Structure formats: C-alpha cells, structure tokens
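I opened this entry to keep track of what I looked up, one place at a time.

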Amino acid sequence: MTTTAADDLPPRSQWQASSSATETPALASANAFDGDLTTRWGGPFSPGHWLQVDLGAVADIGGVRIAWDTSHANRYLIQASHDGRAWRTIYTTDDSPGGTEFVLFPAVRTRYLRLAAPARTADWGVGIFEFQPLSATQAPRIVGLADKRDAAALWSTGPARPLRRGRDGSGVEIAFPQPQEVAGLQVGWGQAPDSATLESRDASGAWSPLAREPQSFGASSYLAGDAPRTVTALRLVTHAADGKPPSVTRLRVLGPKAVMTPMKRYQLAATGKDAALFPSSLQMQQVYWTVVGIPAGRQKAVFDEYGNLEAFKGAPLVQPVWRDASGKAAAANADTPITHRLRAGWMPMPEVQWSPQPGLTLTSSAIAIEHDGAPVVLVRHRLTNTGNTPVEGTLSLLTRPLQVSPPWQNGGLSPIRDIAIDDGAGMRVNGRLLFQSATTPDLHGVAAFGAYGEDEITRFAAAGRAPDAQQASDRQGLAAGLFGYRVHLAPGARRDIVLAFALGDEVIDAKTVQAARWPAAPALDVGELLGNDDQAGAKFDALADALAALWEQRLGRIGLSLPDPSLVDMLRAQAAYMLLNQSGPAMQPGPRNYNRSFIRDGSATAVVLLRMGMAKTARDYLHWYSTHAVHDNGLVSPFLNDDGSVNDGFGSDLEYDAQGEYLWLVAEIARLDGGAQTVREYQPQVNRALKFLQELRERTLVPGYQSDRPHPERFAGILAPSISHEGYSVPTHSYWDNYWALRGWHDGAWLAEQWGDHATASWARAQYKLLHDSLAASIRATMQWKGIDTVPADADQGGNDPTSVSIALDPTGAQDVLPMQALTNTFDRYLAEVRKRDAPDALYAYTPYEMRNVLTFVHLDRPADAEFMLGHVTGDRRPRAWQELAEVVYSDKRHAIYLGDMPHTWIGAEYARSLFGMLMFEGDDALSLLPGTPPSWVAGPGLKVDGLPTAYGTLAMQARQEGQRLTITLGQGLKANSALKVYWPSRRKPTTVRVDGRLVHDFDAQSVLLARPFQTLVAVW
C-alpha cells in the first residue's frame, strides 16, 4: 500500500476522507484514498450524496484519476473548497466511461476535493477503488493549439479550438509529467478531419503509432490501441478534409482498460452513414427483450423490441432490414413507432410490427415448439402491402456478431470467426447450423469485417445486395452473413419469410460463446416441418394455433376475472414466463443473466405456480432443491447451479435468508396442496435447517460480541451477519434474514405439529419467541443509536430500505416486531418519494421489487395506496404489451445501464402475490377476503375468483357493487370451520349486513368477522 502522496501534494498521512453515507469498515471512504487498488469505497450516489477528501493543506490540483468499480456514476461533479463548507464546481460530466478515468481540468488551488452527485441523476450507487488527486505539475498538459486560450479547458466540452498546422498535418500533443498507462485518446471534433493518427512516446523518447482512423466521420473519434501503453506523451496528427482546418471541442485521455476491442470496433462501425440500420444498443441505447422457449427448456431464445432474435445465450442476433425500390433502407430502432403484441394479450408468443415505408408493414413473430424433446424457435417476418399501389424492395436478414444483450448487460459481442452459407438456405456459424430459412432466399453471402470495417455487412443491406463470398473467416470475430428476399407485393398482398432455429437441450455458456466453439445443432428437417416456400407462412400459423391451445390449456382457464382484464393478462403472462425461465426443475428469474437457481426467488415462484394450478412444477422444484441444497449441518445453500450442483461462489455460505425461505416453501406446498403428510419425506431436511437457524442466532450471543462497536446490544440474539439482502456486499446484520428466520420457526413448528412431532414443535415455538424478542429489541436499539424514527433495514448501518422492511408484513408475518409509528413513518415517507417520480422530467431509478410494498399497504389497511403502488410499478412494463418488468427501471428508458434481466419472474412472482394478496390473505386465525381490493375492482361486472388454493381450502368468490349494495357470494371448497374476515372496499361502515339472509350486527367501517363460510353476504350503505 502506498502511504505517501505524490510530489506537490500534502503527505497522504494528513488526508482525511469522509462521505455523506453511513459506512461499513469494508467500504469506508478512506479506502478510496489509501493508494491500494484492492480496497474500495462504496455508497449511495443519488442527489445529495458525495465522497470527499481533506488534503490537510492547500495544493494546486489539475485533475483526478478515478479507478471505478463496476458500478460507476454516469453523471457527477468535481467540487473544490478551501474550508470544507463553501464549494465551487470545477468539473461536470454526464458521460463518464467508468474504468480508470482521467478527470482533468484547469488547475485550481484547494484543500478539499469532493465527488458529488448532481441535483438531477438516475445514478444510485457507486464503488471506487481509488480517487487520486493529481497536482497541477502531475496532470497531463495539452500543447499545440493554434490559439492562446487556456488549453486545459479542452478537457471538458467547449467551443471548437483550431489545431496548429505543421509539416505533416495539423495536430496537438498531450504531455504526461510522469509515465502513465493509457489506451489512447477520445477526440471531439468541431471540424472533423479526413483522417487522424495517434502516436505515443515512451520513456526513452521514441515515438510510435498507437491508433489510426483512415476516414474520420461524425462528431468524435476513438483512437485507442489493442493494449494499454505506458507513455510520456500522445500526439494527434490530422489531415484536413476538403481543405477545412480540423478543430477539436474536447480531448479525453482513455484509461488503460479502454483499449480497442472487437466490440468497440463494431460500435464505431455503427457511427457511420448507415448508423440507423444498426441495432440501437450500438448507439448506447437501452434495449428490451422477452423470452421465447418451451417450459423448462435448457435453451431459450430472446426476442427484442425491434424484432431481432438471439437464438440461445450469447448467440449472434438476426436482424431484419428493409430496402425499398428507391434505394432507401430502414431498420426498426428507438425512434421507430412500433406496435408490440402477445397472443391473446398474455401468451408468450411475441410480435413486433412497424412500417418500413408508407403502405407497408413488417410484422415479426416468434414462437417456440417442442420437437424431439427440445425447443425449436420459429421466426416469421410478414410483409403486408396496406396501400393502394404495388410495393417492391428487398428484405435482408443480417446475422450479426452481436447479442441482443448489450455489453452493459454482460452481453455485447457474439464472436463469429467462421461463417458460411449452408446449401443456399442455412446460416452456419462457428461450425453450427444457426438457422435454416424455410423460404428460399434470393440473395446470400457472408463477409469478414475488414481492417477498418470496410466490408461490414450493413453496407450490403443498404445497397440491396449480398457479398459474393459464401464462406468467411475473421480473426476478430466480426464476420457476418446476409440472406436477401426480393419482394413484389400487389395492394393487399403479403409475403412470409420463416426461419427455424433448432436449439437442442445442451447448455451453452459464456465461455463456449466467446471461444466460438459451439455444439452441433440438432438435426431438423425444415421442409417436413414447414413445407416449401409457399406453405411456410400457413404452417407457421398452424403451429402457432396449436401452441396457443397448449397455453390456453395450461393457464387460459385461470379462475380470476377483474373489471380491468389487463391485470389478469399480466398474471397469466408472469406464470408463462416463469415456466419458460425454468431450466429443467430449476426455477430461474430470467433467461439471460442467470444460470443459477436461488431459493429466494425460486420459493416465491413455485408458490405462485402452485396457486395457479401447477402443483407438480412446484413439487418438482422442492424435491430438486431438497435433494441438493440442504447440507448435513442444516445449512441451506442459497443457490444451486442449474444442474443441481452446489455453487461455491461468493455468498454460497453467507446468505442466511435461505433457511426461512426453504422452510416456508415446504409449508406452503403442504398448506395449499394436500397437507403436511404429502411433504413428510422432507422432515429430516426441515429439522436440520431449523437446527442451523438456532446456531446462527447463538453466534451473536457469545460474550463480548461486537463489544467494540457503539450500542453492541443491537446485535445480541439476532442472526449472524450475511449478504442475503442484495443491498449489502459485505456481511451485515440484516433484518431481512431475521424476518425470514421467524417465518422458518413459525412454519417449522406448524409442520412438526402436523407430523406429530410435538417436542420439535414446542422447541420451534420457543425459538421463535426468543428470536422475536431479540429482533424487536435490536430494531429499537438501532433506532436509538442512529437517532431515527423509521424502521431500519439492518443493525450495522441503520439503513433505510422500505422494500426490505416490507417482507416483515408479508410473507413472513412478523409485523408485530416493528414499532407501529416507525412503520407508519417509513412508508409515509417512502410513498412521498415514489410520488415524486410522477413529476415532469423526474429522473429516477428503482427496482420493481417495490411491488412488495403493495402488500405492505394492504396490511397497513391502506387499500388506496396499495392500488396506487400496483399501478405505479406495472406502469413501467417495457414494452407494455409484453406484460413484463425488468429488474431495474430507469426514468430514461434508453439509459445504457444494467437492468438485470427480463422478463424478471421474481418480480413477476411479487406481482402475483400482490394481486392475490389484495383479494385474500391467510392469517393464522382467519381467511381475510378483499383486504386490499379497491372499489374499482368490484364495480361494473365485479370480480370473480374460482379454484384458488388457500390454506383454508379452495376459494371460489364473486363480489360486485351495484349502487349502494355490495354482494359477495362464495362457492364450495373452503373448510367448514374456517373463520372469515370480510373487508369493505370503500372502508365505509354499511347500514346493514346480511349473511345468508340473517342480519349481522357486529361490524365496523373496515370489515366484518364471521365464524364460518357463507353462501351470500349483502352489505348495503
């Protein structure tokens, strides 16, 4: 570790670091200033947050070198102060590249430096390995501008500055007072040159070429080498275009990780004259997708909002591009008006429709069928002449070396090192037959990228032709292919082009994709499956109809109807996506960024599927998880690989919520599907999991535990620290784990009692009481220590996270450990913040896990707030018609930043739980009906529930409000001794209540409590 500062800065020993957030030792602010790239600071970065250093004395500062963690701030300010109170902004950016970033500015004299979040930002959490101030003498200097203004102003975007002319062209130099490892230079142009070359000087004074752009275009150039270099200077040399002297608006030194990769070359190719024909992710715009597959299939495709298909994880996408008779080419992008659809509003059979030219629509549809036990994905591109005149043109289908998942989603390049046309109608990539065209193409060819992208495939589509080559190799992995179809459509006519992708059931992982060594595709006779050219469209329709009938059989008859049918469609869609995201018996929350099964979301998903009639799927998951994940000592592994092996990655033995979630799943399956005897085989695993829960609590009861920290009593008797809560990257005493542990003790006691093991049941109830009391005391001690009047999320920091607090209310049933006024404060303030997102031009980011808070407001008896939250979160479906939510939502829909995965079916499970929970709630003593149902749900035709499994039997219910009269009818299925609590959606006290014709007098403005089920209840106001 470096202990002294560089020349011209006060000694590092005098530096004092601080930040706006409560810190843990592992992520302390001092870690960002210790000269050690193995330690880091991490904290929130929403408006008002900052990280700063007091240098101990004033110094002349010319820049900062920031080594970002994976999470970096896109927008930030650098501020300076003499006294730590009055701050002035010296640098602003809204396009930070992350990595190692050289932040340079005109020299300032200051004692304090601060990295601050701007007033408007969607960034919310960042990590920094090192924040190194650079003295004015250390900072790189710009030399060689033609004017006399301060050259350092060019480190930020500003007016164009002319370059000094020399014998070899116009140029500028950047001198580094000390050797620095860099990748190159990014240049913003005022007047772009014809060409640009970047040279570097090493420590011996020798110059050598670093990067070259033989034809500059656009507003900027990215000049970087294939590997970082240690340099003492960079020299930019340009040559004028059309005699116009080049000028620059900004210079940015590229850190050592910003080298020229194949992915970067492809992104740069997408900035040329055909930029609009490239996938939008290459222009750093967010893209949304959905899953296409068969239930529990090992391989699944993703289909994006523009009609591009990625056949399997990491596969190259296939993109449609249209060129009309005039030579104008078009592809769907973020600016294109697009209509999205799911079949019947919910079936996972997506469509994308847009108009490439007036009078023509292109509808791209994707389905997956099971063929010889494995998925085959079919994509149909249907061109329809909707006008009054004939349409002619060419539809090109480009196989690009790019995934649908962009680089910021762990995707990006899909290396194509070898590509060939197979028998005139197949595209063979890296030795695998990627797809076959049931419609014979008129044009076909493949091409390597070329040294500077001169043979990149898009130019062929724009010209309406194909490359001559039928086979190509590309060392960079940037080869591509094209099928072209000549189209002649009379008014009202249509043309179908159908592709078939045989996926198989062999898992292809990221290493396989990057190595470009793919297993062979299963054999598929496309002619037998889809017929000849003229038959393929009709065959596609027939297969789609048969598939729709299967989905209708699985989910179409779900016994729920609401006045807003889209809510029910979304419910059905979530269940369908859950089945498609599965890999064998393993529940997975997404199709691309997960190859593991977490009990955290798997248990919630399984229970939802059970409620929706798929008990076998839920039981298969329980059996699989029980077989592989419960260790001899009782530890429940929080996640398994999809082959059932225990994942030994970080957190594999440090996520203790898994204990309670596993126990809850066993009990829920018993309660909802046949009773405790049907899960008796898991009694040994249940007992071991309970014993490990006890051990986790005992770890915090040893003498002197955490005695070196303030108020150590806040840690006593709760579970040992873990990283279960995704907000904590270091082990933390998270209350999330403890709420789940209470659920585990509750359900363990119930299971033991049902199994006749009264001793275990008594022990579990006693352990529940001990943890309950310790947890209640810990929460209050943390509030006192932190000086807060809201419910903290953890004992270490006393952090604020209402969405994690929400599980105390549902599903863990631990609401009584929370101070009621603090709980109210927590969600009042949370709701006020949520409502700010509706302000015009609001910038925000959040995770739709906040769907959980719908049920919080139900349990707080605030149904109007529950309805608002449901509408607020579901309003961020993207695309809305595909009935899906990403794991993270940003106000800027095109912000190029990690969004998790989609469709995200843990969030889908939270939606289903919320919908069911607004209709009914299973308490220990009674079944509540309509606890969160808003008046709008009983208006008009009202609501109907049929065949819904509950712990009190099967619920069949209708509820309808007509004028001042609410009628609720129950069908058969509830247990005869079930107590019922019926809530009034309006929360107004009725004038009269009749139950099966008899007047009832004991009711209030909230509800009526009944000793047993009824046939008809009528309330009149």
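**A buried threonine**

I looked up Thr439 and found it buried, with a relative accessible area of 1% (buried means under 20%, exposed over 50% and partly exposed in between, with a 1.4 Å probe and protein chains only). The model is predicted, so I noted that local features need pLDDT of at least 70, that side-chain atom pairs count only at pLDDT 80 or more, and that totals for chains, interfaces and linings use all residues. Residues are numbered from 1 along each chain as its sequence is written, and side-chain values use heavy atoms, with hydrogens and water left out.

I then placed Thr439 in the loop between strand E28 (432-437) and strand E29 (443-447); strands are DSSP runs of at least two residues and helices of at least four, numbered from the N terminus. The side chain of Thr439 reaches the backbone oxygen of Asp496 at 3.4 Å and the backbone nitrogen of Val498 at 3.2 Å. Leaving out residues up to four places away in sequence, I listed what Thr439 touches (heavy atoms within 4.5 Å): Tyr485, Arg495, Asp496, Ile497, Val498, Asp533 and Ala536.

**Two helices**

Next I turned to helix H10 (residues 683-698) and helix H12 (residues 758-786), whose axes, lines fitted to C-alpha atoms over the stretch in contact, come within 11 Å and cross at roughly 30°. That makes H10 roughly parallel to H12, a term for angles under 35 degrees, on a scale from 0 to 180 degrees between N-to-C directions. Among the residues that meet, I noted Asn687 and Leu690 in H10, and Thr760 and Trp763 in H12.

Key
Angles under 35 degrees count as roughly parallel, over 145 as roughly antiparallel, 65 to 115 as roughly perpendicular and the rest as oblique. A polar contact is a pair of N or O atoms within 3.5 Å; within protein, one must be able to donate a hydrogen and the other to accept it, and residues adjacent in sequence count only if both atoms are side-chain atoms.
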